[in-house]
Amino acid sequence: MDPVWFRKVLGQYPTGVCVVTGIGVDGEPTGLVVGSFSSVSLDPPTVGFFPDRASSSWPKIRPSNAFCVNVLAQDQEDLCRQFAAVGGDKFAGVSWRPAASGSPVIDHVVAWIDCELAGVHDVGDHDLVLGLVLELDIERPSNPLLFFQGGYGRFRPH
């Protein structure tokens, strides 16, 4: 299968954009951008996402056995790009507070979901990460940031 064609075809499906955050073994907050977040189960409440195995951020979060999914708002593209960058202090200038698990809840996101790590499964060049939901809330009722056909966009409700 041609990987360029694979990405082009799957790029026809829009995804929401989230920042998965956690506290590294060094005690510092870290995070990564994901477009693969999904609800998995209502009973027990479980969510999942698929970090790339080449990610430098996910291995810092994994040992904490907890993470928080921060759903970005349509006006947070700059924040998204900051967390998508390789290296550097991703939390520079970012205000946040700890969730019950200790994982960072980024201020002014649309919603957040705090999770306990429930499992990690190898799936090709990505991992499938499952989390049991500890608590969640709507931070700022707003339209979400979307990723579609290789770029960021906004949702316009009817």
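## The largest pocket

α1, β3 (29-34), α3 (77-84) and β11 (145-148) each contribute at least two residues to the lining of the largest pocket, with helices (H or I, at least four residues) and strands (E, at least two) taken as DSSP runs numbered from the N terminus. The largest share, 5 residues, comes from α1. A pocket here is an open set of points on a 1 Å grid over the protein atoms alone, where a 1.4 Å probe fits, with protein on both sides within 12 Å along at least five of seven lines; lining residues have an atom within 4 Å of a point.

The volume is about 1200 Å³. Of the 34 lining residues, R7, G35, S36, H126 and F147 lie nearest the centre of the pocket. Sorted by class, the lining has 18 nonpolar, 11 polar and 5 charged residues.

## About the model

This is a predicted model, in which local features need pLDDT of at least 70 and side-chain atom pairs count only at pLDDT 80 or more, while totals for chains, interfaces and linings use all residues. Residues are numbered from 1 along each chain as its sequence is written, and side-chain values use heavy atoms, leaving out hydrogens and water.

V9 sits in helix α1 (residues 3-10) and counts as partly exposed because its relative accessibility is 41%, between the limits for buried (under 20%) and exposed (over 50%), with a 1.4 Å probe and protein chains only.

V71 belongs to strand β6 (residues 66-71) and is buried, with a relative accessible area of 18%. Between the C-alpha atoms of V71 and F83, 12 residues apart along the chain, the separation is 13 Å.

Technical notes: Points joined across faces, edges and corners; volume = space filled by probe spheres on them. Nonpolar A, V, L, I, M, F, W, Y, C, P; charged D, E, K, R; others polar.
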